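Subject: Structure handover: cores and cavities

Hello,

Here is the structure I promised to pass on. Please open it alongside this note.

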Amino acid sequence: AKAVSNEIQDKEVAAEATQREIDAARKGYAPCGTYNAVLFFCIRDMAGVDPMYQYSLGWFIALFVRSIQGSEKADDLAQRLGNINDHFTYALYQNICRSLFEKDKLLFAFLLCVRVMVGKGSLQPAQQQFLLTGGVGVPEADVPHPQGQEWLSAKAWGEVCRAANVTPALGALPYHVAAHPGEWQAIFDSAAPESEHLPGGFHASLTPFERLMVLRCLRPDKVVPAIQAFVAASFGQRFTEPPPFDLGGSYKESSCASPLLFVLSTGSDPTAALLAFAESMGYGSKIAAISMGQGQGPKAAALIAAARKAGSWVLLQNCHLAPSWMPALEKICESVKPDNTDADFRLWITSMPSAAFPVSILQGGVKMTNEPPAGLRANLRRSYALDPISSPEFFEGCSKPGAFKAMLFGLCFLHAFVQERRKFGPIGWNIPYGAYMRAMLGRGGKGR
């Protein structure tokens, strides 16, 4: 009996030692969990920008697990955690950007960057708040407005004085601006103030975010390009270049139980792109489309029930026009399980942003937007990713490849240039323009 008792005691001691080792290893991974918790709250807050920007914790965890598997391995724990964080941050950026409107993609990248910096302690929440509000509620430094400086508005001067009480690095800013207004007027008059060096040694002494705060005071119209440069410098250039629209990639992320949702903007219609994709996947004759509206709910439900058995696709168009049927759609989607539905079944949905759209579909589905990208580079990348240019047979099939590819680039560049000029409206020669590459190239690329 004594031998058995000693053996049990030895096993208890060994078990306690093993538990201590497990706890130590677990705590070693705690910084990774803290970092990625910050990222989750970033995407949760995007729902405040648009009600369609909602994502579930289950989807977030599944993406994180894929990053653990796909990130570069390392023997050193700190290096391994860094690899996981870098891989997951960019994977999250790519997946979220796929479902954001163009106007919100830089906002999301900036939010990621700022939240990570706040989490690491390199940025104070008060600094972030100042950039957003101009220091509302912050007391102003008691420095009189420089006399005769009409370029410096009362609003801008008030923000300069409040910035002095937000961070110690800017404590001397109003005094220096008042003593050397000519040096600061040069920043104000510059065509690219975000690229100028701040006078008085401020450029070297301030952090990049504090320089953003100064720019917000003097030239708020240039804050957006400055934020873009800030994100590129902090996270890398790839976080300012959203991935192009990719139906194939979204399809790979989906399953029979996860709907694919196109979030529409004014004038956008992904139907043609979806039908072309269905044709390329062999589902050209196995996709049923129905435009939602009054009385269409039962017909849509019947199409979905038939497609679940046959393993075909269903497209529900303009679901925002049938808000009363959305609870029924939510119940249908909740009933779709891998064990009661053909694995090839896919439910495609298009909808404008709507508060009536079911949250469970938004969180559990694969969301996409299909807008013209912003910037010449992004427009060119998108044009080359679209059919028929993306097809090797089209791109490499000409008997005079040099001349053909040069002409094709010229056409894509002109298209990107005109698309960018849309933002200027009727100024000069341009008018609102809605041409797309498929129309310019001719259907199927005929007429080369």
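Start with the largest cavity. Two elements, α17 (359-364) and β5 (366-368), each contribute at least two residues to its lining. Bear in mind that this is a predicted model.

The volume of that cavity is about 70 Å³. Its lining consists of Q54, Y55, W59, N95, R98, S99, L362, Q363, G365, V366 and K367. By class, that gives 4 nonpolar, 5 polar and 2 charged residues.

How many cavities of 30 Å³ or more are there? The count is 2. Around it sit C256, A257, S258, P259, C333, V336, F345 and L347. That lining has 7 nonpolar residues, 1 polar residue and no charged ones.

Now the packing. In soluble globular proteins, nonpolar side chains tend to be buried together. Here the largest nonpolar core holds 93 residues. L92, L316 and L329 have the most contacts inside it.

Take L92 as a way in. Which residues does L92 touch, once neighbours within four places in sequence are set aside? They are L39, I43, W59, F60, L63, F108 and L112. W59 links two parts of this note: it is in contact with L92, and it also lines the largest cavity.

A separate core has 16 residues, including L247, F262, W313 and V366.

Best wishes

How values were computed
Residues are numbered from 1 along each chain as its sequence is written. This is a predicted model: local features need pLDDT of at least 70, side-chain atom pairs count only at pLDDT 80 or more; totals for chains, interfaces and linings use all residues. Side-chain values use heavy atoms; hydrogens and water are left out. A nonpolar core is a set of buried Ala, Val, Leu, Ile, Met, Phe, Trp, Tyr and Cys residues joined through side-chain atoms within 4.5 Å. Buried means under 20% relative accessible area, exposed over 50%, partly exposed in between (1.4 Å probe, protein chains only). Contact means heavy atoms within 4.5 Å. On a 1 Å grid over the protein atoms alone, a cavity is a set of points where a 1.4 Å probe fits but cannot get out, and a pocket is an open set with protein on both sides within 12 Å along at least five of seven lines; lining residues have an atom within 4 Å of a point. Grid points are joined across faces, edges and corners, and a volume is the space filled by probe spheres set on the points. Helices (H or I, at least four residues) and strands (E, at least two) are DSSP runs, numbered from the N terminus. Ala, Val, Leu, Ile, Met, Phe, Trp, Tyr, Cys and Pro count as nonpolar, Asp, Glu, Lys and Arg as charged, and the others, Gly among them, as polar.
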